[in-house]
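This report is for a reader who is new to the structure. Please look over the sequence and the model before reading on.

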Amino acid sequence: RERKTQLGSSPEKVSLSVIISPNSLEHFFYSWVFTAKDYPHLKEKIIALAPDLAGKLQPPKHPNDFDIITHCDISLKFHAETNGAEKVSLQLDNGRTTQGAQIKSEQAKIYDNKLIELQTLEGTSIYLFQVGGGEVQEAARLALKIFQDRGNVQKKGLNVTFPAAQTENILASEWVWKLESVCGDYVVKNYISSGIAQIDEGGFFAKETQVVQIKYRGMAPKLKAVIINGPFLAFIGDETGIQIAVFFDHDAFRKPEPTK
């Protein structure tokens, strides 16, 4: 912030910041910043966290380049009655049968808008809500609206059944590519992410890694053009004397290779 190198704002960033709670679950979220000289350590960290992203990294081209990693690793187990969490067979609304999960809990709640709240052993609540068909909007934006419209608790103590599910579809967030620093000297050159989320009778599990690679926009210094077009000397030496010296005359020059 002191250097004004933090990424500036954008309509998408502002819109998202309104949705995201400032009360983040800090023990599940991590972030690191690596300078250009720390690039080998960046690669080590990515290989450990998300090896599938290692081949998508771009090496720094300027000493001022830097990289940001954010990582979340969430593991929450449902608070259920004794033997109250089990696998079941579930028939979906489209007629297909799939593996389901059943949670029996005296602490579970359902609200006026049919939002379901399940407590976890860690003290955090997981909310479930069945959405209608068609294209679903951004999950966080939809979740906020549903939570705000939940109303009052309709019933406490539930036997909840839902599909066991897993996804690796991560929000693209293409707007990140357009961000630049407040000072204007840095722009995003690479943005990659991967993750997985899973929910079943055991609980809710999610892992995601994002990497924002930022390059220095400053112009490279203009280089002076120097051309040798005749016989020349190449040598290695220092103040103590010469170690190797070679003279290359016209007869040593190679003919240009024929163009194909």
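Where is Thr5 found? Thr5 sits in the segment before α1, the helix of residues 11–19. The model is predicted, and the protein averages a pLDDT of 87. Of the residues, 95% score at least 70. Among the elements, helix α2 (residues 39–49) has the highest mean pLDDT, 95. The lowest mean, 78, belongs to strand β12 (residues 241–248).

Thr5 has a relative accessible area of 19%. Buried means under 20%, so Thr5 counts as buried. Leaving aside residues up to four places away in sequence, Thr5 touches Phe66, Ser181, Cys183 and Tyr186.

**Two residues with positive phi**

Which value does phi of Asn83 take? It is near 60 degrees, which is positive, and Asn83 is a residue other than glycine. Asn83 belongs to the loop between β2 (66–77) and β3 (85–91). Ser173, also not a glycine, has a positive phi near 50 degrees. Its loop runs between β8 (165–167) and β9 (186–200).

Is Ser173 buried or exposed? The relative accessibility of Ser173 is 14%, so this residue counts as buried. Asn83, in contrast, counts as exposed because its relative accessibility is 70%, and the cut-off for exposed is over 50%.

The relative accessibilities given in this report are listed below.

| Residue | Relative accessibility | Class |
|---|---|---|
| Thr5 | 19% | buried |
| Asn83 | 70% | exposed |
| Ser173 | 14% | buried |
| Phe247 | 53% | exposed |

**A nonpolar patch on the surface**

Which residues form a nonpolar patch on the surface? They are Leu233, Phe235, Ile242 and Phe247, and together they have about 460 Å² of accessible area. The elements that give two or more residues to this patch are β11 (232–238) and β12. Phe247 lies in strand β12. Phe247 counts as exposed because its relative accessibility is 53%. Strand β12, which contributes to the patch, is also the element with the lowest mean pLDDT, 78.

Note on methods. Residues numbered from 1 in each chain as written. Predicted model: local features only at pLDDT ≥ 70, side-chain atom pairs only at ≥ 80, totals over all residues. Heavy atoms only, no water. pLDDT = per-residue confidence, 0-100. Helix = DSSP H or I, 4+ residues; strand = E, 2+ residues; numbered from the N terminus. Patch = residues over 30% accessible without salt bridge, like charges linked within 9 Å, V, L, I, M, F, W, Y side chains within 5 Å. Areas by Shrake-Rupley, 256 points an atom, 1.4 Å probe, with all protein chains shown as cover. Salt bridge = Lys/Arg side-chain N within 4 Å of Asp/Glu carboxyl O. Buried < 20%, exposed > 50% of the residue type's maximum accessible area, 1.4 Å probe, protein only. Contact = heavy atoms within 4.5 Å.
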